[in-house]
Amino acid sequence: MAFDGASNLFVSTGSSIVKIAPDGTQSTFASGLEGAWPLAFDRSGNLYVGENPVGASFILKFAPDGSRTTFKTFPAPGSSITALAFGPGGDLFLLRGGSILKVRPDGSSTTFAAGNFSWSSLAFDTAGNLFVGQSAYNSNDPAILKFTPNGTATTFATGVLLPWALAFEPVTEKIRNVSARGLVSSGENILIGGFIVGGSALANNAVVVRALGPSLSPGVSSPLSDPRDSSGAIVASNNDWQDTQKAQITASGLAPTDPHESALFATLPAGDYTAIVLSGDHKPGLAVVEVYSVSQ
């Protein structure tokens, strides 16, 4: 199973991939597969699938619209692909033939670690360490191993009978480390803050975007008197934060202190975004744009 950035759950049945929306509605995302087991999403929302027909193995790439291409082909005969996970640098890690392979975005691959990991699982933590579940069906004792980014291995936990699936609890950070200040006037004299939403829906893609002006006084001279913002060009926009989404923004604990300031609450798929701050009354002034990650 794997989540995309819009909270849809994707489940492989071996011959097809089922998409389950947050409300439980099910649809067939892909069919006609053979031995499709592991799933993993990249930062751009593409779904990678390890397919294992008899005597061969492939990595398929599905764009968000469902279009399919073959990302990598492994020669036959060979072992099955049993686990997939994307590292923080965008490389795809997989288990095949008892080894952990690292596949770069161009499809070239190297061996990250050799061993007996045929029926194991992969998961990355926020520091870029790779955790590998080593099941009891291997010749080695069951354990969870930890690999640092440079490949150094240690035993993280033992006594785990069948660590076939690993997952980390989502990080509950509050701020996305995005804040910018600038002069806003009229016309094209606007303030733009760019930010990137990565990972899956389990990593918490709910954000609050704020445009602040009046509350900057007295620390900032000539603050913008009536900020107005938009997250991207068409995702969402408002003028005064209490006009729309007042309850959600208040519940987040990030409500602006001045009613003339602007804020937006949005749950965003992984991707690149801009927060654009304009002057609601066409008067110039200094403004601050902020982006926060919030828990739902």
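Me: Is F131 buried or exposed in this model?
Reply: The model is a predicted one, and the relative accessibility computed for F131 is 6%. Since buried means a relative accessible area under 20%, F131 at 6% counts as buried.

Me: What kind of aromatic pair do the rings of F131 and F168 form?
Reply: A pair of aromatic rings is described by the distance of the centres and the angle of the planes. There are 11 aromatic pairs in the count for this model. For F131 and F168 the ring centres are 5.1 Å apart and the planes stand at 70°. Planes over 60 degrees apart count as edge-to-face, so the pair of F131 and F168 is edge-to-face.

Me: How are the rings of F195 and Y273 arranged?
Reply: The centres of the rings of F195 and Y273 are 5.6 Å apart, and the angle between their planes is 20°. Because planes under 30 degrees apart count as stacked, the pair of F195 and Y273 is stacked.

Me: Which strands hold F195 and Y273?
Reply: F195 is buried at a relative accessible area of 4%, and Y273, with 14% relative accessibility, counts as buried too. The two residues are 78 residues apart and link distant parts of the chain. F195 is in β18 (residues 191–197), and Y273 is in β23 (residues 271–279).

Me: Which residues touch the most other members of the largest nonpolar core?
Reply: In soluble globular proteins, nonpolar side chains tend to be buried together. The largest nonpolar core has 17 residues, and the elements that give two or more residues to this core are β17, β18, β19 (206–212), β23 and β24 (285–293). Another core, of 15 residues, lies apart from it and includes L95, I100, A113 and L122. In the largest core, the residues that touch the most other members are F195, V209, L268 and V277.

Me: Which residues lie nearest the centre of the second largest pocket?
Reply: The second largest pocket has a volume of about 200 Å³, and its lining divides into 10 nonpolar, four polar and two charged residues. One of the lining residues, F41, also belongs to an aromatic cluster with F10, F29 and F62. Of the 16 lining residues, those nearest the centre are D4, G5, F41, G45 and P64.

Me: What is the phi of Q245?
Reply: Most residues other than glycine have a negative phi, and most peptide bonds are trans. Q245 is in the loop between β21 (236–238) and α1 (246–251), and its relative accessible area of 28% makes it partly exposed. Although Q245 is not a glycine, its phi is positive, at about 60°.

Me: Where does H282 lie?
Reply: H282 is another residue other than glycine with a positive phi, near 65°. With a relative accessible area of 62%, H282 is exposed. Its place is in the loop between β23 and β24.

Me: How far apart in space are F71 and K61, C-alpha to C-alpha?
Reply: F71 is part of strand β8, residues 68–74, and counts as buried at 19% relative accessibility. F71 and K61 are 10 residues apart in sequence, and their C-alpha to C-alpha distance in space is 5.7 Å.

Terms used
Residues numbered from 1 in each chain as written. Predicted model: local features only at pLDDT ≥ 70, side-chain atom pairs only at ≥ 80, totals over all residues. Heavy atoms only, no water. Phe/Tyr/Trp six-rings, centres within 6.5 Å; stacked < 30°, edge-to-face > 60°. Buried < 20%, exposed > 50% of the residue type's maximum accessible area, 1.4 Å probe, protein only. Helix = DSSP H or I, 4+ residues; strand = E, 2+ residues; numbered from the N terminus. 1 Å grid on protein atoms, 1.4 Å probe; cavity = no way out; pocket = protein on both sides within 12 Å on 5 of 7 lines; lining within 4 Å. Points joined across faces, edges and corners; volume = space filled by probe spheres on them. Nonpolar A, V, L, I, M, F, W, Y, C, P; charged D, E, K, R; others polar. Core = buried A, V, L, I, M, F, W, Y, C linked by side-chain atoms within 4.5 Å.
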